[in-house]
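Okay, everyone, thanks for coming.

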Amino acid sequence: MKEPGILELIPNLRRYARALVRNSHDAEDLLQDCLVSAYGNAQSWRGINRKAWLMTIMTNLNYNRLRKQRSTRAIFDEDTNDIAQTVASPGSGDFATQDSLRRAVELLDPDQRAVLMLVAIEGHSYGECADILQIPQGTVMSRLSRARKFLAQYLSMQNGDDTNGTKAPNVIALRRPK
């Protein structure tokens, strides 16, 4: 199978950027910075997995951005509609569920949200996710487990529990890694 080109990966990168920064303007800046960095460092790509390489660059750029924000104490407005477009599939039709899922994902710790996006939305394996985020595979599994548990609990609370104390089923099936 032919390795996708950078242009073919832009929608995936844009979706990942929006999930990381939760603001469409900052996401576009992050995407542009990622593409500029990738172009400038094209010699470092080893020809194995371009998508993972680009997402690693984006993740590192985002961590640098977060460090800079913490040091300057900058506060940015969040564009809450962007995360809904990122997480909820347009054909699912249940807007109440999409809104609940959007709110739940917004409440996740940024590290958990990044792992959830890479594994459940982008379809990366645990190993690929670990390489992209430069963390151990066990940490990926732990963060993903905590993110899924939080989402299930949050959505269960939104959907209501049965009167006998059993939880309502998780209405959002998250994709498992390959």
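First, a term: by a nonpolar core I mean a set of buried Ala, Val, Leu, Ile, Met, Phe, Trp, Tyr and Cys residues joined through side-chain atoms within 4.5 Å. And keep in mind that this is a predicted model.

So, which residues touch the most other members of the largest nonpolar core? That core has 41 residues, and the ones with the most core neighbours are Tyr16, Met58, Leu116 and Leu133. At least two residues each come from α1 (6-21), α2 (24-40), α3 (50-72), α5 (95-107), α6 (110-121), α7 (126-133) and α8 (137-159). The largest share is from α1, with eight residues.

Leaving aside neighbours within four places in sequence, Tyr16 is in contact with Met55, Met58, Thr59, Ala114, Met117, Leu118, Glu122 and Leu133.

Now, how do α1 and α2 pack? Their axes are 8 Å apart, at an angle of about 135°. Roughly antiparallel would need an angle over 145 degrees, so α1 counts as oblique to α2. The crossing is right-handed. On the α1 side, the contact is made by Ile6, Ile10, Leu13, Arg14, Ala17, Arg18, Leu20 and Val21. Facing them from α2 are Asp26, Ala27, Glu28, Leu30, Leu31 and Leu35.

Are Cys34 and Cys129 buried or exposed? Cys34 is at 0% relative accessibility, so it counts as buried, and Cys129, also at 0%, counts as buried too. As for disulfides, a search of the whole structure turns up zero.

Notes:
Residues numbered from 1 in each chain as written. Predicted model: local features only at pLDDT ≥ 70, side-chain atom pairs only at ≥ 80, totals over all residues. Heavy atoms only, no water. Buried < 20%, exposed > 50% of the residue type's maximum accessible area, 1.4 Å probe, protein only. Helix = DSSP H or I, 4+ residues; strand = E, 2+ residues; numbered from the N terminus. Contact = heavy atoms within 4.5 Å. Disulfide = S-S within 2.5 Å. Axes fitted to C-alpha atoms, helices over the stretch in contact; angles between N-to-C directions. Parallel < 35°, antiparallel > 145°, perpendicular 65-115°, else oblique. Left-handed = near helix turned anticlockwise from the far one by under 90°.
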